[in-house]
Amino acid sequence: MGLIKLIFEILDANMAKMEAIDPEFVERYQIIFQKDPNSRVFALLTEAYRKMGLLDKARIVGESGLSKHPDFASGHVALGRVYLDLGEPEKASEHFRVATE
């Protein structure tokens, strides 16, 4: 479980500046993601959407990104958090497990 904690800490550090979600910040990541759907920025965008309460949008972006980057641990953590917020702990747990492998 130490690795999961480390991944959460890394993701939290990257998202710390977004605590009071800045729409301009989110828009920049949306533009990057739209220009390059293969970008790993999907993890940050997924987390931003989650924090904004846009859970369906967060799930869609997270799933799309992970279809291209199935081994990207931060993406699995971000999507796992979305599934926790959606009340789907089994799916969340699976993403957290994959993130630690």
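The legends below describe close-up views of a predicted model.

Figure 1. The protein contains 6 helices and 0 strands. Along the sequence these elements follow the pattern α-α-α-α-α-α. The protein has 101 residues, of which 43% count as buried.

**Figure 2. The largest nonpolar core, a set of 23 residues.** The members that touch the most other members are Val-26, Tyr-29, Phe-33, Phe-42, Leu-45, Tyr-49 and Val-61. At least two residues of this core come from each of α2 (23-35), α3, α4 (55-68), α5 and α6 (89-100). Helix α3 gives the largest share, 6 residues. Tyr-49, one of the core members named above, is in contact with Val-26, Gln-30, Leu-54, Leu-55, Lys-57, Ala-58 and Val-61 when residues up to four places away in sequence are not counted.

**Figure 3. The crossing of α2 and α3.** The axes of these helices come within 10 Å and cross at roughly 140 degrees. At that angle α2 is oblique to α3, since roughly antiparallel would require an angle over 145 degrees. The crossing is left-handed. From α2, the residues in contact are Val-26, Tyr-29, Gln-30 and Phe-33, and they meet Phe-42, Leu-44, Leu-45, Ala-48 and Tyr-49 of α3. By residue class, this contact has 8 nonpolar residues, 1 polar residue and no charged ones. Val-26, Tyr-29, Phe-33, Phe-42, Leu-45 and Tyr-49 are also among the core residues that touch the most other members.

**Figure 4. The crossing of α3 and α5.** Helix α3 covers residues 42-51 and helix α5 covers residues 73-85. Their axes come within 8 Å and cross at roughly 20 degrees. The two helices are therefore roughly parallel to each other, because angles under 35 degrees count as such. The crossing of α3 past α5 is left-handed. On the α3 side the contact is made by Phe-42, Ala-43, Thr-46, Glu-47 and Arg-50. On the α5 side it is made by Ser-74, Gly-75, Ala-78, Leu-79, Arg-81, Val-82 and Asp-85. The residues of this contact divide into 5 nonpolar, 3 polar and 4 charged.

**Figure 5. The crossing of α4 and α5.** Here the helix axes come within 9 Å, with a crossing angle of roughly 150 degrees. This makes α4 roughly antiparallel to α5, because the angle is over 145 degrees. Helix α4 passes α5 in a left-handed crossing. Leu-55, Ala-58, Arg-59, Gly-62, Glu-63 and Leu-66 of α4 are in contact with Gly-75, His-76, Leu-79, Val-82, Tyr-83 and Asp-85 of α5. Of the residues in this contact, 6 are nonpolar, 3 polar and 3 charged.

Figure 6. Tyr-83 has a relative accessibility of 4% and so counts as buried, the limit being under 20%. Apart from neighbours within four places in sequence, Tyr-83 touches Arg-59, Glu-63, Glu-88, Pro-89, Lys-91, Ala-92 and His-95. Arg-59 and Glu-63 are also part of the contact between α4 and α5. The C-alpha atoms of Tyr-83 and Asp-56 are 9.8 Å apart, and these residues are 27 apart in sequence.

**Figure 7. His-95 and Lys-91 in helix α6.** His-95 is buried, with a relative accessible area of 16%. Lys-91 has a relative accessible area of 43% and is partly exposed. Leaving out residues up to four places away in sequence, the contacts of His-95 are Leu-66, His-76, Leu-79, Gly-80 and Tyr-83. Both His-95 and Lys-91 are in contact with Tyr-83. His-95 and Ala-73 are 22 residues apart along the chain, and their C-alpha atoms are separated by 8.6 Å. For Lys-91 and Leu-79, which are 12 residues apart in sequence, the distance from C-alpha to C-alpha is 9.1 Å.

Note on methods
Residues are numbered from 1 along each chain as its sequence is written. This is a predicted model: local features need pLDDT of at least 70, side-chain atom pairs count only at pLDDT 80 or more; totals for chains, interfaces and linings use all residues. Side-chain values use heavy atoms; hydrogens and water are left out. Axes are lines fitted to C-alpha atoms, for helices over the stretch in contact, and angles run from 0 to 180 degrees between N-to-C directions. Helices (H or I, at least four residues) and strands (E, at least two) are DSSP runs, numbered from the N terminus. Angles under 35 degrees count as roughly parallel, over 145 as roughly antiparallel, 65 to 115 as roughly perpendicular and the rest as oblique. A crossing is left-handed if the near helix is turned anticlockwise from the far one by less than a right angle, and right-handed if clockwise. Contact means heavy atoms within 4.5 Å. Ala, Val, Leu, Ile, Met, Phe, Trp, Tyr, Cys and Pro count as nonpolar, Asp, Glu, Lys and Arg as charged, and the others, Gly among them, as polar. A nonpolar core is a set of buried Ala, Val, Leu, Ile, Met, Phe, Trp, Tyr and Cys residues joined through side-chain atoms within 4.5 Å. Buried means under 20% relative accessible area, exposed over 50%, partly exposed in between (1.4 Å probe, protein chains only).
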